[in-house]
Amino acid sequence: MNEMIKTHRLLPLLALLALAAAAPAQAQAPTAAARGPALKAQTPVTLNFVNADIEAVTRAIGVMMDRQFVIDPRVKGVITLYSEQPLSVREAYLSYLAGLRGLGFTVVEAGGLYKVVPEADAKLQTGAVAVGSSSQRGDQVMTQIYKLNHENANNLVAVLRPLISPNNTINANPGNNSLVITDYAENLQRLTRIIAAMDTPSSTDIEVVPLKHALAADIAALVQKLGEGGSSAVAGTPGQAGGSLSVLVDPRSNALILRAANPARLASARATIAKLDQPLPDGDAPGIRVVHLKNAEAAKLAVVLRAAFGGAGGGSGSSTGSSSNNAQLTPAAQGTISATGSGGSNSSTGSGSSSASSSPVSASAGPSTGGFIQADPSTNSLIITAAEPLYRQVRAVIDQLDGRRAQIYVESMIVKVDANKTGQFGVQWQSLFGKDGDKTISGLGTNFGSGNSNIVNLSAATAGGRTTIGTAVASGVNQGLNIGVLKRVSDFYTLGAIANFLETQTGANILSTPNLVALDNEEAKIVIGQNVPFITGSFTNTGAGTGGTVNPFQTIERKDVGLTLRIKSQVGEGGTVRMVIYQENSSVVQGVTNSAGPTTDKSSIETTVLADDGQIIVLGGLMKDEYSDGEDKVPGLGNIPLLGNLFKGENRKRIKTNLLVFLRPVVLRNQLGADQVTLDRYESIRALQQNAQPAPNPVLPDTGAPILPVLPGAQPAVPQQGKTN
């Protein structure tokens, strides 16, 4: 039975081979340059393969096409191909590919060789690559590259991925905005038509509409609103999305620049502009117009415009409004960058309160008067009284000056590293010769230094404690190791000898980063420290019998002591920032006071520098290495080797100070840049608050510590375990 089945399967193959051999002789000699089926394959064939082995059918197709086929070892099974009518070899080959695809196999072409492989491996072995459109058809796997002109390649990946078989791939190359798709040739033909339909301009070309009568800046916002909300398109309709009309102003040519999603919306915008661009009834007569400013300050801009158009406006270009406005600013706002004082201190009598803390940041300015341009500070608007030609000129200047000003975020880094080393060694001794009752007693000894470091003073303090040695120790001795010999004289204990050994090391590492944000070309100031009182004068009643009551008093001046940064920045071309800086770091010296008040330690820098956006620049600083030593000894005896140490005292001291000030400006040109800096600092301080939460305690209640709320749309910072601040 098995032999009969095998013979039945081979009969169609033998018939096909015999049909191919019976072809005319002239059709059996294909040229070497021929591609695709051979010339002899023009003879129609009838397929009749029923449950035939894939390998046998593949060889028959290879004979018909006169091509070499290689079958992957994993390709096994049976295939059924039949046709009622004779087919061309090309059609028979396409039927063969369709049958293989149904079984999970396919044919790939590489270097003129046809390989039958599993579908999952076809994308890695295919050598057929086409750019743009291709004439290949059928179920043969190939790679095709599409270069897009308008649509974003990444946007099309999500649209086309469901249309591609799971075993094949689609990738986007953002560099040249192209798609690389590997799939069956027949499906690539469909994808080519889909991509061609989607790769179209999303809007019309730019249209410039010059205006004859109206001012472009006046009607631009109105045309924009009418174009977005006045359309008859239904929400959700494809191709009719809202906000597809863009309107820009060209002040130089007094024209509107339009771009719309489709020609119909562009035509509607042009019709709206034509209706609005009409001459006024009395266009040459002076009229009153109100211009609302977006960024500039009305009072200051009015002075500039009156100065620029003083002769044309028929009025004086006085700066009365600006002068009155400046006179009402607080002392802190009027101050200039200077090195006088500790950050602009204020004097007072007795109370010590700072006027800058009680005064408003900026007093309300009154309307500026004079000339044909008035300013209304309450609405930040300009009132212009001028004829149409002059108004056009003034409005063009306003549009150029009323732009968004950049902001500068300045980060100042003050680094201070101190290292002090001190060494001290000395031997002092005192001895009395004689006995109790002698009229004359002689003595011999050495003593160095002052205060309790001197053995004579320390002996007096010890004797003051009578027989209690603890009193002498409590009175104070030198720091370090002290070795002493006490001698009793009558009822008193006195020091006979003392040796002192001391070595100290102290260090300080301070990093301060005062930060502030200010508008371009505006001064800013930040003070972090204390407001310390200093006595400047006093009066007391030193006489008697004056017959009246005199109240004594003192005059006190309070000064800011701490960290002060005053800066005025200006953004130049290419992001270069020019900064006028005054930086001061002051502190109260502990333990040093007098009748006039405390003593302060101060370091300051006043300079003008240039720095690139985001780059760190060093302003200056101090690097000091100081060494000092001293020696007290008895002449002659102190020079004796080894033994001379009993007759001298030595000390050495070295102080190293490193102080540097760095600056880093960051230009914030838009709200996005400001948001990035704000979010970074906000999340940093929030993470510190999370790390500083109180540890759980079974005895104490969990009160918790305040934490900043999470900003909308921000990723919350993750606290670091095991760290506290």
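Q: Which strands does helix H8 lie across, and at what angle does H8 run to S12?
A: In this predicted model, helix H8 (residues 263-276) lies across S10 and S12. The helix runs at about 160 degrees to S12.

Q: What makes S10 and S11 the edge strands of their sheet?
A: Start with the order, which is S10-S12-S11 in an open sheet of 3 strands with antiparallel pairing. Strand S10 (207-210) and strand S11 (246-250) each pair on one side only, and that puts them at the edges. From one strand to the next, the twist averages 25 degrees.

Q: How do you know that S11 and S12 count as paired?
A: Pairing takes at least two bridges between two strands. S11 and strand S12 (residues 255-259) have 5 bridges, in the antiparallel sense, so by the cut-off of at least two they pair. As one example, Asp250 has Ala255 in S12 as its bridge partner.

Q: Why is Asn380 called partly exposed?
A: Its relative accessible area is 22%. Buried would need a value under 20% and exposed one over 50%, so Asn380 falls in between and is partly exposed. You will find Asn380 in the loop between strand S15 (373-376) and strand S16 (381-386). Its phi is near 50 degrees, a positive value in a residue other than glycine.

Q: Why does Asn521 get the label partly exposed?
A: With a relative accessible area of 38%, Asn521 also sits between the 20% and 50% cut-offs, so the label is partly exposed. Asn521 lies in the loop between strand S21 (515-519) and strand S22 (523-539), and its phi is positive, near 65 degrees.

Terms used
Residues numbered from 1 in each chain as written. Predicted model: local features only at pLDDT ≥ 70, side-chain atom pairs only at ≥ 80, totals over all residues. Heavy atoms only, no water. Helix = DSSP H or I, 4+ residues; strand = E, 2+ residues; numbered from the N terminus. Buried < 20%, exposed > 50% of the residue type's maximum accessible area, 1.4 Å probe, protein only. Axes fitted to C-alpha atoms, helices over the stretch in contact; angles between N-to-C directions. Contact = heavy atoms within 4.5 Å.
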